[in-house]
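Subject: Handover of a structure

Dear colleague,

Please find below the sequence and the structure that I am passing on to you. A summary of what was found follows them.

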Amino acid sequence: MGVSPMHLFVNDSMEFRMDVYRSILITGGGGMLAHALVDALTAKGLAATAVRRAECDIADPEDVTRLFEKYNPSLLFNCAAHTGVDLCEDEPDKANAINGEGPGNLARLAQEHGTKLVHFSTDFVFDGQSDRPYKPNDQTHPISVYGETKLRGEKRIQQVDSPDWLIVRTAWLFGRYGNCFPQTMVKMGQAGRPLRVVSDQFGSPTSTVDLSEATLELVDRSAGGLFHITNSGITSWYEFAQTTLREFGVEADLAPLTTTEWVKLRPKQAKRPLYSVLDGEKYTAITGKTLRHWTEALSDYRTHS
Ligand SMILES: NC(=O)c1ccc[n+]([C@@H]2O[C@H](COP(=O)([O-])OP(=O)(O)OC[C@H]3O[C@@H](n4cnc5c(N)ncnc54)[C@H](OP(=O)(O)O)[C@@H]3O)[C@@H](O)[C@H]2O)c1
């Protein structure tokens, strides 16, 4: 699969350089972020092959070896993950194989093939006890199987002796491909179902479109290491639901709930951080940019969904 030779511009002053990558691959190709990344690359005149789980299970080292032999990618975005946060509590081994060991499988082959590896991680690597936004090098302390296994995945990449990796932690994703929180709120609200949403957990909703663009900005600048990228603004799940319903013009029976009340209703659910706002200063320092407010991104999501 080739890459368009055309030169594009990301802003008025800088030539878009990512076309140096001759072969771009995306694992977890059936997912929400993978679709948005394909769109973002296509918009820049770059072709990417999105590979679904049926072709490559990242937890299977032989699958991963075959993938690299077939495509020999120069740039790989790993969007594959076991993202069912509550399901991970019931399936810790599976979660570990995919989220924990899968990225290591990719990183080893990426090192052998000289591939730049871009991987996505989560705010759930933190425990939520901070009183300020988390910086990339802040102490991690996951409180769920999902968070724990995603952190292991980060470490597996970092353990491979290759400088050419980029890990982007993000949070509260929404986008037009796949199930996401706004879509669920709208569907349930339209169906007349009562919505009881936690009002004391805080974070930054993030558009997969904006995250894709921002990640490509980093790749284009040959950035490596650990970054935090989210849309701007801080909100609770309750306010996120309220804003979504207003944006979509849906009248719904919506009421706030505390985490304590929620846990009583769903005792088996995974624990979530109370405050998982990510500090994007490192991204801004490299690119000179800050992502727009999440409410603006939500308006665009409504327009395009
Ligand atoms: N969604 C969020 O709110 C959020 C927040 C923070 C970080 N992230 C991170 O962002 C990344 C993308 O998330 P997303 O929301 O786009 O997730 P998603 O829509 O659930 O997509 C994940 C994809 O991974 C695939 N997959 C699962 N196990 C696999 C395996 N063993 N091998 C290959 N592919 C596999 C899934 O395939 P199937 O459909 O066949 O299962 C699915 O297509 C993930 O790393 C996630 O941890 C997400």
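Leu 25 is part of strand 3; helices (H or I, at least four residues) and strands (E, at least two) are DSSP runs, numbered from the N terminus. Please note that this is a predicted model, in which local features need pLDDT of at least 70, side-chain atom pairs count only at pLDDT 80 or more, and totals for chains, interfaces and linings use all residues. Residue numbers start from 1 along each chain as its sequence is written.

Leu 25 counts as buried because it has 25 C-beta neighbours inside 10 Å. The cut-offs are 20 or more other C-beta atoms within 10 Å for buried, 12 or fewer for exposed, and partly exposed in between, with C-beta atoms placed from the backbone. Not counting residues up to four places away in sequence, Leu 25 touches Ala 48, Thr 49, Val 51, Tyr 71, Pro 73 and Leu 76; contact means C-beta atoms, placed from the backbone, within 7 Å.

Six strands make up an open sheet with parallel pairing, in the order 4-3-5-6-7-12; two strands pair if DSSP finds at least two bridges between them. Strand 4 (49–51) and strand 12 (225–228) are at the edges with a single partner strand each, so one side of each has no neighbour in the sheet. Strand 3 (residues 24–27) and strand 5 (residues 75–78) run parallel and are joined by four bridges. Within this pair, Thr 27 is opposite Asn 78 of strand 5.

**The cores**

The largest nonpolar core contains 71 residues, and Ile 26, Leu 33 and Leu 37 have the most contacts inside it. Helix 1 (residues 32–43) contributes the most to this core, namely eight residues. Such a core is a set of buried Ala, Val, Leu, Ile, Met, Phe, Trp, Tyr and Cys residues joined through C-beta atoms within 7 Å. Beyond its neighbours within four places in sequence, Leu 33 contacts Cys 79, Phe 120, Leu 173, Thr 208 and Leu 211.

**The ligand**

Which residues come nearest to the ligand? Of the 26 around it, they are Gly 28, Gly 30, Gly 31, Leu 33 and Ala 80; a residue is near if its C-beta atom, placed from the backbone, lies within 6 Å. Helix 1, helix 4 (92–113) and strand 6 are the elements that give two or more residues to this shell.

Yours sincerely

Methods: Two residues are in contact if their C-beta atoms, placed from the backbone, lie within 7 Å.
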